[in-house]
Amino acid sequence: MTDTRDRITIRRPDDWHVHLRDGAMLAAVAPFTAGQFSRAIIMPNLSPPVTSAAGAAAYRDRIMAALPAGCDFTPLMTCYLTDDADADDLASGHAAGIFTAAKLYPAHATTNSAHGVTDVAHIMPVLERMQVIGMPLLVHGEVTDGDIDIFDREAVFIERILAKLIRDLPGLKVVFEHITTEQAVQFVDGAGPNIAATITPHHLHINRNAMFAGGIRPHAYCLPVAKRERHRLALRRAATSGSAKFFLGTDSAPHEIHAKESACGCAGIFNAPYALESYAAVFDEEAALDRLEGFASVHGPNFYGLPLNDAMVTLHRAENPVPDDIEAAGSRLVPFHAGSGLAWKILPS
Ligand code: NCD
Ligand code: ZN
């Protein structure tokens, strides 16, 4: 890695949490992710969700077909766990290299999670098998009980579910996905090396005020929802700390503009087009550019037991305007940082 004030070269990064969707939207958004990242953990919350190895293999083929020929990108597939997940299909899919990990969505926690797990107790045999075979569990860490304030859902999930899960399965590899609170940072910091977390660019840039800046701002709405400023600062410290427990996961989650700008707007921020530049801005602001490579390109593969990428990417300090919207699938997507811009740009290779 080389790092001068205005230019940084790092190993090509991976995205350890992304939503690529399907059909025409997949074709529109996948090139953005493949343009920046060598590998990505692909979320399985399609409609219907990806719950079988055969379904994941077919989805992987559709992703590759949506990319330009010869594109150097590897989608790492995940299984959407349901109450009746099949441990044998999961384990054989993992052994065959189809499933890299499995995703736990508490039922009704977020977009397309109606089929999610209603009680972790229902999938204990599956989790026990994952512990044995070393297959990572990716967790959407929010309780869904209506009496829990939406801003407390992650912290309560730690207390009620995650702490016990980790006690019961001390050898299970767990990625606490898209963490948003200082409680999550502390929990991951205090847990063993088999517990890690991803952090999105948007949770490093915005706090919950962004959703209400001069009016309601649907493009700043995602799940888990952005929290208070002190949480954003805790996430910034964690991401830039150099700790191997924290790594890049964009949670880029595109929804057509009309589905965001609606009386009941969908959760999700589309950050794929400028993801690396967005992270670079944060590391620059925190005077931690020397730690960007660890977070973006080293800690993730090490946690998953995968090789580091050999290719390199260079970013330089330059004005990088972000458009108001991007044409996609006969509609438009509003990218994160729309209308403003970023101070970093990827040099064409
Ligand atoms: C995601 C989506 O739209 O699929 N939305 C989001 O706000 N992050 C689902 C998720 O990861 O929670
Ligand atoms: Zn997500």
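This is a predicted model: local features need pLDDT of at least 70, side-chain atom pairs count only at pLDDT 80 or more; totals for chains, interfaces and linings use all residues.
1. Eight strands make up an open sheet, and their order across it is S3-S4-S5-S6-S7-S8-S9-S10. The pairing is parallel. Strand S3 (15-18) and strand S10 (246-248) are the edge strands; each has a single partner strand, so one side of each lacks a neighbour in the sheet. On average, and with direction ignored, neighbouring strands of this sheet are turned by 30° against each other.

2. The pairing of S10 with strand S9 (residues 195-199) is parallel and comprises three bridges. Within this part of the sheet, Ile-199 lies opposite Leu-248 of S10.

3. Strands S5 and S6. Strand S5 (residues 74-80) runs parallel to S6, and four bridges join the two. Met-77 has Phe-99 in S6 as its bridge partner. Strand S6 (residues 99-104) is mostly covered, since six of its six residues are buried.

4. Donors of the zinc ion. The zinc ion (ligand 2) is coordinated by His-17 through NE2, by His-19 through NE2 and by Asp-251 through OD, at 2.0 to 2.1 Å. Along the sequence, these donor residues follow the spacing H-x1-H-x231-D. Both histidines are covered: His-17 is buried, with a relative accessible area of 0%, and His-19 is buried, with a relative accessible area of 8%.

5. The four donor atoms around the zinc ion (ligand 2) subtend angles of 92 to 148°. The arrangement is therefore irregular, because four donors count as tetrahedral if all angles lie between 85 and 135 degrees. For reference, the ideal angle for four tetrahedral donors is 109.5 degrees.

6. Helix H5. Helix H5 (residues 153-168) contains 16 residues. From its first C-alpha to its last, H5 reaches 22 Å, close to the 22 Å expected at 1.5 Å a residue.

7. Burial along H5. The buried residues of H5 begin with the run Arg-153, Glu-154, Ala-155, Val-156, Phe-157 and Ile-158. Further along the helix, Leu-162, Ala-163, Leu-165 and Ile-166 are buried as well.

Methods:
Residues are numbered from 1 along each chain as its sequence is written. Chains are lettered from A and ligands numbered from 1 in the order in which they are written. Side-chain values use heavy atoms; hydrogens and water are left out. Two strands pair if DSSP finds at least two bridges between them. Axes are lines fitted to C-alpha atoms, for helices over the stretch in contact, and angles run from 0 to 180 degrees between N-to-C directions. Donors are N, O and S atoms within 2.8 Å of the metal (3.2 Å for Na, K and Ca); water is not among the atoms, so sites may look incomplete. Four donors count as tetrahedral if all angles lie between 85 and 135 degrees; four count as square planar and six as octahedral if opposite donors are over 155 degrees apart and all others between 65 and 115; anything else is irregular. Buried means under 20% relative accessible area, exposed over 50%, partly exposed in between (1.4 Å probe, protein chains only). The expected span of a helix is 1.5 Å times one less than its number of residues.
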